[in-house]
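Here is a short tour of a protein model, meant to be read with the structure open beside it. Please take a look at the overall fold before reading on.

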Amino acid sequence: MKFLAPFALLIALLFNTASVAFAAPDIPKPVGDIYVQDFAQVLNEEEKSEIIGMAKRLDDETEAQVGILTVNSLDDSDIDNFSNEAFREYGLGSKELNNGILIVLAIKEKQIRIEVGYGLEGRVTDIKSGEILDSYAIPYLKEKKYDKAIMSTYKAVYNEAAKEYDLGKDFQQKVSKAPHSSKEESGLKAWQVILFVIVIIILVILDFIFFKGAITEAVLYMLLSARGGGGDGPRGGGGGSSGGGGASRGW
C-alpha cells in the first residue's frame with residue numbers, strides 16, 4: 001500500500017491547511033464609531049474625521065455602512081477569513097439589507113481586502129473590488145503611504161455605494177487613481193489558479209475513491225458554517241453580514 005503514502009500526506013496537508021484557515025481569528029473589539037477602527041494607526045485625526053463624516057451621511061441616508069479596519073498583523077490568520085469574521089463581528093450595514101462594506105489593511109502581511117455584504121455585491125462585485133484595490137490602493141501601499149491608500153480606497157468604495165442608491169453628485173467624493181497604477185503582481189496568476197483547481201479536483205476524486213467523500217463533506221461543512229453580530233455618540237454596526245464577496249490583494 002505504499003502508493004497510498006503520497007495521498008495520505010496530501011490529505012494531512014489539506015486538513016492542516018483547513019484547520020489554519022478556519023481557526024477563529026482574534027478580531028479587535030471596536031472602539032468609537034464603527035466606521036473607523038484604525039488599530040495600526042495609519043490615519044491622522046483629520047482623516048478619521050473625514051471618513052466618519054462621509055460614513056454617517058451615507059448611513060443616515062441609506063443604512064449602508066462603509067468602514068475601515070487596520071491592524072499591525074493578522075496573527076497567522078488569512079486576510080479573507082479575518083475580514084469575513086471582522087465584518088460579522090462589527091455587524092456592518094442594516095441587518096435586513098446586509099449593505100455593509102469593510103476595508104481591511106494588514107501591515108505585517110502586506111495584505112488589503114474589500115469585504116462586501118450581500119446587499120451591495122451587485123454593485124461592488126468581486127471584479128470591481130479588485131479593480132479599486134489595483135487602482136487606488138496598491139501603488140500607494142508599495143510606497144508605504146498607508147493613509148493615502150486607505151483614503152483613496154475608501155472614497156472609491158463610498159462612491160460605488162452612493163451610486164447603488166442613486167444619491168447623486170452631492171454624495172460623490174473627488175478621488176483620483178493612484179499614480180503608476182499597475183495590475184502587475186496583484187492577485188494570483190492564471191496558471192496558479194488553474195493548478196490550484198486541478199489539485200483540488202484530484203484530491204476530491206481520490207477522496208471519493210478511497211474515503212467515499214468523507215473528507216470533502218467535512219470541508220464543505222466547515223465552509224458553510226458561519227456566525228454573525230451588530231446613534232449619535234459612537235455608532236455601532238447595524239447587524240449586517242457578509243458572504244465572503246470582495247477581493248484581496250498583496251503588495
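The protein chain has seven helices and five strands, where helices (H or I, at least four residues) and strands (E, at least two) are DSSP runs numbered from the N terminus. This is a predicted model, in which local features need pLDDT of at least 70 and side-chain atom pairs count only at pLDDT 80 or more, while totals for chains, interfaces and linings use all residues. Residues are numbered from 1 along each chain as its sequence is written, and side-chain values use heavy atoms, with hydrogens and water left out.

Along the sequence, the pattern reads α-β-α-β-α-β-β-α-α-α-α-β. Of the 251 residues, 46% count as buried; buried means under 20% relative accessible area, exposed over 50%, and partly exposed in between (1.4 Å probe, protein chains only).

| Strands | Bridges | Direction |
|---|---|---|
| β2 and β3 | seven | parallel |
| β3 and β4 (residues 111–117) | six | antiparallel |

Together, β2, α3 and β3 make a right-handed β-α-β unit, meaning that, with the strands pointing away from the viewer, the path from the first strand over the helix to the second runs clockwise.

## Positive phi values

Most residues other than glycine have a negative phi. Q41, which is not a glycine, has a positive phi of about 55 degrees; Q41 lies in the loop between β1 (36–38) and α2 (45–62) and is exposed at 68% relative accessibility. D76, also not a glycine, has a positive phi of about 75 degrees. D76 sits in the loop between β2 (65–71) and α3 (79–90) and counts as exposed, at 72%. In the hairpin of β3 and β4, with four residues between the strands, K110 takes a positive phi near 55 degrees.

## A threonine in α7

T216 belongs to helix α7 (residues 214–224). Is T216 buried or exposed? T216 is buried, because its relative accessible area is 17%. Its side chain makes a polar contact of 2.6 Å with that of D207; a polar contact is a pair of N or O atoms within 3.5 Å, and within protein one must be able to donate a hydrogen and the other to accept it, with residues adjacent in sequence counting only if both atoms are side-chain atoms. Leaving aside residues up to four places away in sequence, T216 touches V204, D207 and F208, contact meaning heavy atoms within 4.5 Å.

Technical notes: Two strands pair if DSSP finds at least two bridges between them.
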